[in-house]
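Dear colleague,

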Amino acid sequence: MLLGLILLLIMLAMWLVLSFETNTFWTANNMANLLRQGAMIAILAIGETFAIITGGIDLSVGAVAGFVSMAVAWLLESNLGLASTIAGAITISLAIGVLIGLFHAFGVVQMGLPPFIMTLATMYALRGIGLYITNGATISITNDAFTGFSRASFLGFPWTDGTWFQIPMLFWMVVVVAAPAYILLSHTRWGRYLFAIGSNKEAARLSGVNVNAVTYLAYVVSAVCAAFVGVLLAMRIGIGLATQADGWELQAIASSVIGGTSLFGAVGSVHGPLIGSFILTTINNGANLLNWNPFVQRIITGLLIIIVVYFDTLRTRKR
Amino acid sequence: MVSTDAAAPTLTSAAPLGGAPILELRKLDKHFGGTHALKAVDLVFEEGEIHAIVGENGAGKSTLIKLLTGVFPRSAGEVLWRGAPVALATPHESINLGINAVHQEVVLCPHLTVAANIFLGDEEMRGGFLDKRRMARDAQKLLDELGFSLPADAILSSLTIGQQQLIATARAERRGAKFLIFDEPTSYLTRQEAAALFKLIRRLKTDGVTIVYISHRLEEVFELCDRVSVLRDGALVGTRKVSETNEADLIAMMINRRIEQIYHKETVPIGATILETEALSGLGFRDISVRVREGEIIGLYGLVGAGRSEFVQSVFGRHPATHGRVLWQGREVAIKNERQAMKLGIALSPESRRDQGLCLNLGVGLNINLAIFKKLSLGPLISLARESAAADNQIRDVQIKTSSRAAPVTSLSGGNQQKVVIGKWLNHGAKLFIFDEPTVGVDVGTKAEIYRLFASLLREGAGVIMISSYLPEVYELADTLHVFRAGMIVATHGHKDASHETILTEAIGA
């Protein structure tokens, strides 16, 4: 909780500095844009955190998002009746996420593969399958009701300069994911078991925890979050292409780690990766407005990861 | 321990051999939190002797090794190496002096070749590159000299544990060890492997290396060693020349004959049979027939590796038994996994609290509640109020000293950690409690508290199976005591109806 507060302060400090340094940052428009930009990484990071807490990792989330963007576009552009309606296509896309998560957990639990390897393999394979199906082509989405959602907003409030701040739908989708994720992680026994497994699998097993089932849960949550991001991505860019969301898995892991998740497992939260992802987004957004070389953003992100994790190591070393 | 000593007159006899002292311990002392693991030990090792150290589990043998090899710093006392005081603060310092240890479980790199392991950390170089050819040749020469018929380019993991142990010894010799500690080296060895190891140890002795030989097996002490020191409850009971003592003497020195007040035993009426095994066999145990009834404690005594843990883990659903039957309250059951065992009403508090018992970096509360979260839930959600109440109650009842229920288990002392492991099961409402080494590494006060918890379980009509390598506790507490050796029950006794000597002899097989 303390770390969460510190991270929040860091983010607010960044916002403060950017508000003074540029006159384009602290506007209703830009802040709404920032929420929109950060939304997808935030959702990926929340899902990713479930896998990391169990002591695992999910390298495939970017590939899943890309693959699903292709799948949902393909469904919408086909004539498959119910499956080509918006609701049908989204449902099937999320179901694809469930299947991928089950497959990951099957590899980790039943085949005994290290999570890093299992998800690295699907990361490659999913991009390949997506390209193979479409023969590398981009599927344009003609359904305006679908793509319009990403530009829509819901509720708002007056901004400091008198304009109206509209909360983007994409950010509401973060809330839609984060709220149940928080309840699952912090208020159900399954959440407790995720931590227990990440800390000591054997102790959890000997305490009657169904270690296999909980591992399945973690990878399914991660993959479903990624599939959901795939749908949002297709909405936002209006196309389906399996090579989209390239490198997002690393942004998700970085957000999670900045948010205090330990890659050794058993330490993590929902609010941590949430704030972590918006800190990363702020860096990107701010660097753009400051006209910094875009490559500098990556350098800053790298340094930030080292600093945050270093402080975390100090904290755990003291124990 | 709260007792005075029975064997007082001969206590400090050091029985010197007349060699030059190489390592001298003066009032060596070690505390771990509240545990007094080593108590003012005075001991002189002479150059070129084979010095056995024997004692029960928890007597302080491993603590002594760890102090000598620089793994832990000592709490008080002095160590002299060839007459000069040394700190032994780091493993590096000990190795530089020439003090090496060969452990029961080999600590080498299993994926590297024998030659690479022998030269690990001290590689031969030529022009900045590894001189692999020379290392392979030298390693092979060393192996041949030692009389091992092993290829130097074999991958270590392809060898047996016994062969790996020989490699570890050869490695120590090559590094110029002057003082070599063997910690239970023959536990996993076959007879031939043990014979090869003894040959090597004798050879090292003629080269002037001082050997410290730690073993449970008294017959090995008589076969191999010059002198023997006995530790008990962290204190040195005495040192004897092997030629001037016998097994009965050593056993008498090893066990504390004092009836200790800490053993709290209540007699409760014995009720119906809870669990019965009929000629149960499985991996590591054979033909085990045991019956537990309401209100009684069944003790399983034996040396480490005698098959006791394997047996109870099988009953708990860990590894299926290959033969025999398990009856739960009179009905035959096949317990396939831990959850099924728990559903029947079996609780198992495992042997190693670090590896199996605790989620170390998580909170005390989570650990205590881990087995009962279902009970603390309302539908899918955990009732946070019930969760904290359950944790706080248990922390109070079991008297766990912790700053809060959220404090990580690592912040607790060993004794309090053990209370978390045990406390976890008390809320579970089980009918049969299995405690595997419940008092390892905890101080006397905590032991007494743990025994009182057992008594309260019995009063509530539960049955207890208690595994222990510490004879006094099973001796005093068990209504029925089964002695395990090599995977079998070799003897069964009623409450205190045999002497310590008899039971220990049965367990060792002397």
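What follows is a short account of what was found, taking one chain, then the other, and then the place where they touch.

Please keep in mind throughout that this is a predicted model.

Chain A contains 13 helices and four strands. Its radius of gyration is 20 Å, close to the 20 Å that the globule rule gives for 319 residues, so chain A is as compact as a globular protein of that length. The C-alpha trace of chain A spans about 60 × 60 × 35 Å along its principal axes, and 48% of the 319 residues in this chain are buried. Of the contacts in chain A between residues at least 6 apart in sequence, 75% join residues at least 24 apart.

Chain B is divided into domain 1 (20–98 + 178–254) and domain 2 (258–337 + 467–510), and the centres of these two domains, taken over C-alpha atoms, are separated by 31 Å. Where they meet, 12 residues of domain 1 of chain B are in contact with 11 residues of domain 2 of chain B. On the domain 1 side, α7 (218–224) and α8 (247–254) of chain B are the elements that give two or more residues, and α8(B) provides the largest share, four residues. By class, that side has four nonpolar, four polar and four charged residues.

Between the chains, 26 residues of chain B are in contact with 19 residues of chain A. On the chain B side, α10 (338–344), α11 (353–357) and β20 (381–382) each supply at least two residues, and the residues of that side divide into 15 nonpolar, six polar and five charged.

With best wishes

Methods
Residues are numbered from 1 along each chain as its sequence is written. Chains are lettered from A and ligands numbered from 1 in the order in which they are written. This is a predicted model: local features need pLDDT of at least 70, side-chain atom pairs count only at pLDDT 80 or more; totals for chains, interfaces and linings use all residues. Two residues are in contact if their C-beta atoms, placed from the backbone, lie within 7 Å. Ala, Val, Leu, Ile, Met, Phe, Trp, Tyr, Cys and Pro count as nonpolar, Asp, Glu, Lys and Arg as charged, and the others, Gly among them, as polar. Domain bounds come from an automatic or database domain assignment. The radius of gyration is taken over C-alpha atoms; the globule rule is 2.2 Å times the number of residues to the power 0.38. A residue is buried if 20 or more other C-beta atoms lie within 10 Å of its own, exposed if 12 or fewer, and partly exposed in between; C-beta atoms are placed from the backbone.
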